[in-house]
Amino acid sequence: MALSADQSEHTSQAIRPVSVVDAVYDSIYERLMSLEIAPGARIPMDLIARELGVSQTPVREALARLERERLVCKAHLIGFSSAPLLTRKQFDDLSSFRLLLEPEGARLAALRMTPEKLKALEGIAADMAEGAPALDRTSRYSRFARIDGQFHDAVLQIAGNEVIRSTLHNQHVHLHLFRLMFHTRVTQEALEEHEELLAAFRAGDAPRAEAAMRAHLSASRDRLLQAFE
Ligand SMILES: [Zn+2]
């Protein structure tokens with residue numbers, strides 16, 4: 001799962017309770033995903049620290065984490081600013097890249113599937129479907145983007161090709177794709193497509209899993225294309 005990188009980060013930051021940085025991170029992350037902080041806008045650390053009632057240190061740490069995910073940029077003398085949205089070219093490149101690697105990843109995952117691994121995947125899918133009703137629409141959507149990333153990463157982890165997995169993981173594709181557009185259709189249809197993928201895994205059907213992943217990625221690309229219209 002995508003958590004491994006974060007977990008190692010946390011262990012090295014044991015001085016301060018992790019929850020403060022996490023809470024600050026979540027707050028900024030949601031505002032970046034919902035474009036409440038506009039793409040390219042400066043992110044004043046002092047203002048955010050005051051707003052959230054924390055010191056600047058956890059804000060700086062949260063922003064550094066977001067910088068690694070390329071949701072924020074840091075420039076000399078200017079400080080942190082919100083990353084620009086993907087261009088149409090970047091979107092096309094990312095979509096093609098995923099279509100090259102992830103259907104093959106799903107096929108390999110089907111071949112290596114075990115009941116335990118399937119159960120873990122189903123757990124992530126259920127977590128997405130649940131949608132945490134207590135959260136507002138913005139938080140739900142940001143959360144969905146994050147868990148979708150974990151779901152796809154988990155499939156690639158099961159596939160066992162570490163080069164494919166880490167290459168995709170380092171692109172943080174989900175965050176950047178989901179940031180393009182806020183739409184409930186994006187979430188509902190994706191859930192149904194994930195279900196088809198899980199059905200293929202349950203059946204141990206590798207070609208079906210490959211086809212299901214390809215269909216999901218193509219449909220997802222078509223949905224998000226609307227962001228450029
Ligand atoms: Zn998905």
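# Working through a predicted zinc-site model

Ser142 sits in helix H7. Helices here are DSSP runs of H or I with at least four residues, strands are runs of E with at least two, and both are numbered from the N terminus. A quick note before we start: this is a predicted model, where local features need pLDDT of at least 70, side-chain atom pairs count only at pLDDT 80 or more, and totals for chains, interfaces and linings use all residues. Residues are numbered from 1 along each chain as its sequence is written, and side-chain values use heavy atoms, with hydrogens and water left out.

**Exercise 1. Work out whether Ser142 is buried or exposed, and which residues it touches.**

Step 1: Buried means under 20% relative accessible area, exposed means over 50%, and partly exposed is in between (1.4 Å probe, protein chains only).

Step 2: apply them. Ser142 has a relative accessible area of 1%, so it is buried.

Step 3: look for neighbours, taking a contact as heavy atoms within 4.5 Å. Leaving aside residues up to four places away in sequence, Ser142 touches Tyr29, Glu30 and Met33.

**Exercise 2. Describe how the protein chain is laid out.**

Step 1: count the elements. The protein chain has 11 helices and 2 strands.

Step 2: read off their order. From the N terminus on, it goes α-α-α-α-β-β-α-α-α-α-α-α-α.

Step 3: check burial and contacts. Of the 229 residues in the protein chain, 45% are buried. Among contacts with a separation of 6 or more, 76% are between residues 24 or more positions apart.

**Exercise 3. Find the residues that coordinate the zinc ion and classify the site.**

Step 1: list the donors, meaning N, O and S atoms within 2.8 Å of the metal (3.2 Å for Na, K and Ca); water is not among the atoms, so sites may look incomplete. Asp148 (OD), His152 (NE2), His194 (NE2) and His216 (NE2) coordinate the zinc ion at 2.1 to 2.3 Å.

Step 2: look at the spacing. Along the chain, the donors follow D-x3-H-x41-H-x21-H. Asp148 lies in helix H7 and His216 in helix H11 (residues 206-225), so this pair ties together parts that are 68 residues apart in sequence.

Step 3: check the angles. Four donors count as tetrahedral if all angles lie between 85 and 135 degrees; four count as square planar and six as octahedral if opposite donors are over 155 degrees apart and all others between 65 and 115; anything else is irregular. The 4 donor atoms give angles of 86 to 168 degrees, and the site is irregular.

Step 4: Asp148 is buried at 3% relative accessibility, and His216 is buried with a relative accessible area of 4%.

**Exercise 4. Pick apart the hairpin of S1 and S2.**

Step 1: pair the strands, which takes at least two DSSP bridges between them. Strand S1 (residues 72-75) and strand S2 (residues 79-82) run antiparallel and are joined by 4 bridges.

Step 2: Lys74 stands opposite Phe80 in S2, while the bridge partner of Cys73 is Ser81.

Step 3: inspect the turn. There are 3 residues between the strands, and Leu77 has a positive phi near 70 degrees. Most residues other than glycine have a negative phi. Leu77 is exposed, with a relative accessible area of 79%.

Step 4: move on to Ile78, in the loop between S1 and S2. Ile78 is partly exposed at 48% relative accessibility. Ile78 and Arg42 are 36 residues apart in sequence, yet 7.8 Å apart in space, C-alpha to C-alpha.

**Exercise 5. Say which residues touch the most other members of the largest nonpolar core.**

Step 1: define the core. It's a set of buried Ala, Val, Leu, Ile, Met, Phe, Trp, Tyr and Cys residues joined through side-chain atoms within 4.5 Å.

Step 2: name the residues. In this core of 60 residues, Ile28 and Phe201 touch the most other members. Helix H7 (residues 137-159) gives the largest share, 9 residues.

Step 3: zoom in on Ile28. Not counting residues up to four places away in sequence, Ile28 touches Ile37, Ile48, Val59, Ala62, Leu63 and Leu66.
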